[in-house]
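Welcome! Please take a first look at the sequence and the model below, and then we can walk through a few of its features together.

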Amino acid sequence: MTGERNPWIRQLHGEHPRIGMWIASGNPYSAEICAGAGLDWLMLDLEHVPNDVRSTLAQLQAVAAYPVEVLVRPATGDPSVIKQLLDIGATNLIVPMVETADEARALVAATRYPPEGIRGVGSALARASRWNRISDYLITADAAVSLTVQVETAGALDQLDEIVAVDGVDAVFIGPADLAASLGYLGKPEHPEVVATIEEALSQIKAAGKAAGVNAFNPEVARRYMSAGASFVLVGADVTILARGSEALAKQYAAPPHSA
């Protein structure tokens, strides 16, 4: 079973929620700064960020020396993309826009070597195996990988019980922005109906014995989600911290308006 030898999965079933942030700059320097901040986890994003396999590799290398768990999110669940990310050393994948249990099962297969799955065997060329310096990599790799699927639409919520039940899905992450849009509240992820729907989904995931995650930059909302069962929460992003911090700096030193 995937996740057996994966420290991230063990942490998700610990006593305290794990707090993390997005690395959305696509920059290894920023990733390294955030890796040493004391957070539990980082998410390297390829869905909404100008990242590719090479820039993701550079970020994985930059944060490798720090005691922080790293999730990598591809733009899609394409098996060829998943194969590349696993080969460069990603061990925790979070895949967006999973709508059905069949899609979840296909993702599980993409993370496993035959006969359990369809992952291509190229370990001799891969950073993940340290270029075959890890002698038992092919035997242990499946159990060292975690898979989180994102549920982000009303239709996917209707299939949540089936998605959560898929063997090999270690966690389910609710995406508030896309879910809000799907529910008719585009740009309003903190609308009361959206928040209530997410709380119900988090409780449902936890009751099924799987780890539940969500993002919430508002501390009050984040704490609500943790109370509802979220065991990992994304509470910020490097680019938003830089944007709001630079705006605050500009405002602090802005010239006062001229008096009449």
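Which helix gives the largest share of the lining of the second largest pocket? That helix is H9, with three residues. Keep in mind as you read on that this is a predicted model.

**The second largest pocket**

This pocket has a volume of about 310 Å³. It is lined by 17 residues, and those closest to its centre are Trp22, Pro176, Ala177, Pro189 and Asn215. Helix H9 (176-182) and helix H11 (219-228) each supply at least two residues of the lining.

**The largest pocket**

The largest pocket holds about 570 Å³ of space. Its lining has 25 residues, with Gly89, Ala90, Thr91, Arg127 and Arg130 the closest to the centre. Helix H3 (53-63), strand E3 (69-73) and H6 are the elements that give two or more residues to this lining. H6 gives the most, with four residues.

Here are the two linings by residue class:

Now turn to the loop between helix H5 (101-110) and helix H6 (137-144), where proline 115 is found. A cis peptide bond joins proline 114 and proline 115, with omega at about 5 degrees.

Further along, tryptophan 131 is also in the loop between H5 and H6. Its phi is near 55 degrees, a positive value in a residue other than glycine. Is tryptophan 131 buried, partly exposed or exposed? Tryptophan 131 counts as partly exposed because its relative accessibility is 44%, and partly exposed residues fall between the cut-offs of under 20% for buried and over 50% for exposed.

Asparagine 132 lies in the loop between H5 and H6 too. Asparagine 132 is not a glycine either, yet it has a positive phi of about 70 degrees. With a relative accessibility of 41%, asparagine 132 therefore counts as partly exposed.

**The annotated domain**

Finally, a word on the record. An unreviewed UniProt entry carries the annotation "domain: HpcH/HpaI aldolase/citrate lyase" for residues 18-242. Over residues 18-242, the chain is 42% helix and 18% strand. The end C-alpha atoms of that stretch are 23 Å apart.

How values were computed
Residues numbered from 1 in each chain as written. Predicted model: local features only at pLDDT ≥ 70, side-chain atom pairs only at ≥ 80, totals over all residues. Heavy atoms only, no water. UniProt positions renumbered as here; feature names shortened; annotations may be inferred. Buried < 20%, exposed > 50% of the residue type's maximum accessible area, 1.4 Å probe, protein only. 1 Å grid on protein atoms, 1.4 Å probe; cavity = no way out; pocket = protein on both sides within 12 Å on 5 of 7 lines; lining within 4 Å. Points joined across faces, edges and corners; volume = space filled by probe spheres on them.
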